[in-house]
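Biologist: I'd like to learn how to read a boundary between domains. Could you walk me through one?

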Amino acid sequence: MKSVKLTASALAIAAVAATAASARDQVQSAGSSTVLPYATIVAEAFGENFDFPTPVVESGGSGAGRKKLCEGVGENTIDIANSSSRISQSDIDLCAQNGVTEIMEVRFGYDGIVFASDIDGPSFAFTPADWFQALAAQVVVDGQVVANPNSNWSDVNAELPDQEILAFIPGTKHGTREVFDTKVLVAGCEESGAYEAFVAANNGDEDAAEEACMTVRTDGVSVDIDGDYTETLARIDANPNAIGVFGLSFYQNNTDKLKVATMNGVEPSVESVASGEYPVSRPLYFYVKKAHIGVIPGLQEYIDFFVSDDMAGPEGPLAAYGLVPDPELAATQEMVANGTPMGPLN
Amino acid sequence: MTDATAPAAAPAPRPGHTAGSLLTLDKRTRARNAAEARFRLYGAIAVGIALVALVWLLISIMSGGLSAFRQTMITMPVYLPAEELDEAGNRNPAEMSRVTTLGYARVLDQALIALMAEQGIAIEGLSEDDASDIISQEAAAQLRNRVLANPDLVGTTVESEVLTNGRIDGYFKGRVTMASAELDSNVTPEQLRLADALRANGVLEKRINWAFLTMPDASDQRPEAAGLGVAILGSLYMMLVVLVLSVPIGVAASIYLEEFAPKNRFTDLIEVNIANLAAVPSIVFGILGLAIFINFAGLPQSAPVVGGLVLTLMTIPTIIIATRAALKAVPPSIRDAALGVGASKMQSVFHHVLPLAMPGILTGTIIGLAQALGETAPLLLIGMVAFVRNYPSAPPEGIFDPASALPVQVYNWTQRGDPAFVERASGAIIVLLVFLILMNAVAIILRRRFERRW
């Protein structure tokens, strides 16, 4: 039966593939769910104001998007991969293997990562060290590396409210987690001086020490959220004691339900992230397959439009939605206009 | 079952068994009756739990989603200034298209300010910028399309129905309150007071929202404009592909297996495989679809044809199982009679057995289609979970154009940051449920009207 069905479906494919010769006339992109809202805003405005069809924007995650980009060259592969983390060497190798040799890397802005709790709860003023002390599996007490004994925020820092520690942090498949690990946990680890103790405990192995900084406790105090921010928000609704990790734009759309915490005394906003005062942020990218420029109608126009001041600039709709504009946008615009492919990763 | 194993023929009275009146219940009868009463109670409890769950689900979806079918609109006169919209003055749409939606947004802003002045609405602490923010960004795009389609409108005043933004809409649906607006960075209490004043003057009102069924998806900044048009078309195209492919393949396979194939180990193996195939998780078919249809056969991403092919693979086992059951239910006497008067095997099947099995086959097909209609997982992998704003063209070419699908649209909207999308997602679930109920109703009607029992 299986072979019968395979032949039957093969026949069906042959029949439809024969008629599928018509060229694709819309840009297709895929990737990060963090970039998705920005990409859809640009796609919508592009479709309204240009004579090209509205680009198709697919979500599915940064890694999945880059992998799709690297599947090869041709109309049945995507043109743009949206990504909330930088492309890796293994992706570039995969691309090269499949004939995708020239990729343009476009950084179009930054995304702030905020810590927020229920609107009716107390307010928090954190430092990265507080988060490290609260969530790390092992902390340093009196010079000794011990399992984390802290149960309330006030145990971590006497100035924080006397509230049980419960944190909803992004799961490991999210790009946001990487930023949380490096900019919050590792930074806090170094700030609190635990890093040196870990290095000493691991006989000078710095990688192992960093790994120890990023290892979160598993006693239910820190909960990985593998879904999206809407799930984190629903969990906070159910547990008003909890603190969640959100994207800045998500928080800005839900300011009536969430109270944002400061980090090192700085309140997160588009301005404070742009100026670099607010420490937890990351760049957002999209990667363009150069071989498709000039083949897929509207691709060059779409990427020019994406990085234009009208869209990605400080007054544009992306900033209004929560994107932190890139101060070097002018250089990016020039790079996109010239079609400069990215060099090797440094 | 214990009582059924008691010997049927009454043996000699057992020791301890006293013959009594049939009208007075002995201990065993009472115990049996009690067991039956208990069993009935369990059954009623099970049905009750299922009903409560169903009612709860329906109430939560309806309460969240019914409001998506009504939308807050402002009806106002909009003056279209020629000097802004058509600088050249020759009403040439190609040249006029240089004015972007930003230009039209300004025109709408001025129209709203003029309306407020005319009606004497003044809200303390509300700037002109904030006032005009209550208009949806989609309104500018709609106005632009309208003007470009009919350039002669420039220079005149047109009566326009303008969408309000999602927060204002939410205010009239109870999602946004004055208290929450204080905290909300996207709306101010002054804007809500303006909306109240406009409503008191009869300019702003909630209307039936057909656009929810016809318009395409919208970006995160315009939940008020998001609709199901592309998703409904995409689902329809996929169902067409599934119908055209899976019915002939499924029915032919089952007729062969049921009526012609020899019964041996090989056909037994096939049977087991089909039963297993029906139980394979649907995501597996998605992986298969990505590998075969997109990477190998080179079909386009996000296209209903690929979705349809993947769902066909999923539906075929369901159809085969239903069809075989329907064929089995036709009594052998029909076949024997046909063969007895000299019909060939094929004539007996196609002239007599198949027509009698048809209602069962159709029912199975429709149930298989309904199952496919609600399927999301395999579509994740073939690029259907996407933001698509252009309607696919008419079939057959249209099945190669990118499109979304109903269940995928629900999934998409539940992930968006703006709380207004929750209402949209529930509304989409209602639409999906209506389609499923319709399909199942057709299946039941077919069964009732045409099924023959022997």
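This is a predicted model: local features need pLDDT of at least 70, side-chain atom pairs count only at pLDDT 80 or more; totals for chains, interfaces and linings use all residues.

Biologist: Which elements give two or more residues to the side of domain 1 of chain A that touches domain 2 of chain A?

Modeller: Those are strand 4 (103–118), helix 15 (317–321) and strand 14 (324–325) of chain A. Helix 15 of chain A gives the most, with three residues. Sorted by class, that side of domain 1 has eight nonpolar, two polar and one charged residues.

Biologist: And how many salt bridges are found across this interface?

Modeller: The rule finds zero between domain 1 and domain 2 of chain A.

Biologist: Where do the two domains run in the chain?

Modeller: The assignment puts 23–111 plus 283–338 of chain A in domain 1, and 112–281 in domain 2. Their C-alpha centres are 31 Å apart.

Biologist: How many residues are in contact on each side?

Modeller: Eleven from domain 1 of chain A meet 13 from domain 2 of chain A.

Biologist: What area is buried between them, and what share comes from carbon and sulfur atoms?

Modeller: About 930 Å² is buried between the two domains of chain A, with carbon and sulfur atoms giving 52%. On the domain 1 side, look at A:Asp111, A:Tyr321 and A:Val324: this trio supplies 50% of the area that domain 1 buries against domain 2, more than any other three residues.

Methods
Residues are numbered from 1 along each chain as its sequence is written. Chains are lettered from A and ligands numbered from 1 in the order in which they are written. Side-chain values use heavy atoms; hydrogens and water are left out. Domain bounds come from an automatic or database domain assignment. Contact means heavy atoms within 4.5 Å. Buried area is the accessible area (1.4 Å probe) that two parts lose on being put together, summed over both. A salt bridge is a side-chain nitrogen of Lys or Arg within 4 Å of a carboxyl oxygen of Asp or Glu. Helices (H or I, at least four residues) and strands (E, at least two) are DSSP runs, numbered from the N terminus. Ala, Val, Leu, Ile, Met, Phe, Trp, Tyr, Cys and Pro count as nonpolar, Asp, Glu, Lys and Arg as charged, and the others, Gly among them, as polar.
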